[in-house]
Amino acid sequence: MPDYTLSEQVSSSPAAAFEYLANHKNLPKYVATMVMVHPVAGDKLRVAADVQGRHEEGEGWFRTDPAAGRIEWGSADNPHYAGSLVIAGGDSSCTVTIKISTDREGEEGEPEEIERALAETTSNIKRLLESP
């Protein structure tokens with residue numbers, strides 16, 4: 001199962017970055033393809049995304065670890081898909097690293113689409129966390 005990783009330097013404290021990124025309500029604001037998120041129960045979410053011209057909906061899990069500056073997620077429908085976001089840094093800046101593990105590598109255009117979505121997501125994070 002291939003992994004895709006991308007990091008972005010952000011002018012934000014790790015605590016402020018974590019507070020924003022760990023709030024599931026903010027996911028559609030920064031995740032490139034996500035268009036909807038609704039809590040189901042506990043760490044479960046119902047999400048929707050527009051991916052390569054198709055609309056996909058499903059349930060997944062979303063877990064946060066403030067002490068580690070780590071957020072993890074995965075799909076209830078696909079055990080071969082998971083991701084993590086780690087925030088590390090000093091007082092006024094941090095590095096946000098996103099890692100995606102998926103079994104969808106073999107589909108035509110899939111690696112490029114994953115890399116594009118990661119780049120758009122990290123760009124959105126930078127823009128949102130650095131805007132006044």
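**Figure 1. S101 and D3 are joined through their side chains.** The polar contact between S101 and D3 spans 2.5 Å. A polar contact is a pair of N or O atoms within 3.5 Å; within protein, one must be able to donate a hydrogen and the other to accept it, and residues adjacent in sequence count only if both atoms are side-chain atoms. The model is predicted: local features need pLDDT of at least 70, side-chain atom pairs count only at pLDDT 80 or more, and totals for chains, interfaces and linings use all residues. Residues are numbered from 1 along each chain as its sequence is written, and side-chain values use heavy atoms, with hydrogens and water left out. S101 belongs to strand β7. Helices (H or I, at least four residues) and strands (E, at least two) are DSSP runs, numbered from the N terminus. S101 is buried, at 14% relative accessible area. Buried means under 20% relative accessible area, exposed over 50%, and partly exposed in between (1.4 Å probe, protein chains only).

**Figure 2. T97 meets S7 through a side-chain polar contact.** The distance is 2.7 Å. T97 sits in strand β7, residues 94-101. Its relative accessible area is 24%, so T97 is partly exposed. Beyond neighbours within four places in sequence, T97 is in contact with T5, L6, S7, S84, L85 and V86. Contact means heavy atoms within 4.5 Å. L6 lies 91 residues from T97 along the chain, yet their C-alpha atoms are 5.7 Å apart.

Figure 3. W73 is part of strand β5. With a relative accessible area of 16%, W73 is buried. Leaving aside neighbours within four places in sequence, its contacts are W61, F62, Y81, A82, G83, S84, L85, I98, K99 and I100. M34 is 39 residues from W73 in sequence, and the C-alpha distance between them is 13 Å.

**Figure 4. The charged end of R63 sits over the ring of W61.** It lies 4.0 Å from the ring centre. A charge sits over a ring if NZ of Lys or CZ of Arg is within 6 Å of the ring centre and within 35 degrees of the ring normal.

**Figure 5. I71 and L85 belong to the largest nonpolar core.** A nonpolar core is a set of buried Ala, Val, Leu, Ile, Met, Phe, Trp, Tyr and Cys residues joined through side-chain atoms within 4.5 Å. This core holds 24 residues; L21, I71, L85, I87, V96, I98 and I125 touch the most other members. At least two core residues come from each of β1 (3-10), α1, α2, β2 (34-41), β5 (70-75), β6 (82-89), β7 and α3 (110-130). I71 lies in strand β5 and is buried, at 1% relative accessible area. Outside the four places on either side in sequence, I71 is in contact with F18, L21, A22, F62, R63, T64, G83, S84 and L85. L85, counted in the same way, touches L21, G69, R70, I71, W73, V96, T97, I98 and I125. I71 and S101 are 30 residues apart in sequence, with 14 Å between their C-alpha atoms.

**Figure 6. Y20 and Y30 form a tilted aromatic pair.** A search of the whole structure finds 1 aromatic pair. The ring centres of Y20 and Y30 are 6.3 Å apart, with 45° between the planes. Y20 lies in helix α1 (residues 14-21) and Y30 in helix α2 (residues 27-30), so the pair ties together parts that are 10 residues apart in sequence. Rings of Phe, Tyr and Trp (its six-membered ring) pair if their centres lie within 6.5 Å; planes under 30 degrees apart count as stacked, over 60 as edge-to-face and the rest as tilted. Y30 is buried, at 3% relative accessibility.

**Figure 7. Q52 has a positive phi.** The angle is near 45°, in a residue other than glycine. Most residues other than glycine have a negative phi. Q52 is placed in the loop between β3 (44-51) and β4 (54-65). At 38% relative accessibility, Q52 is partly exposed.
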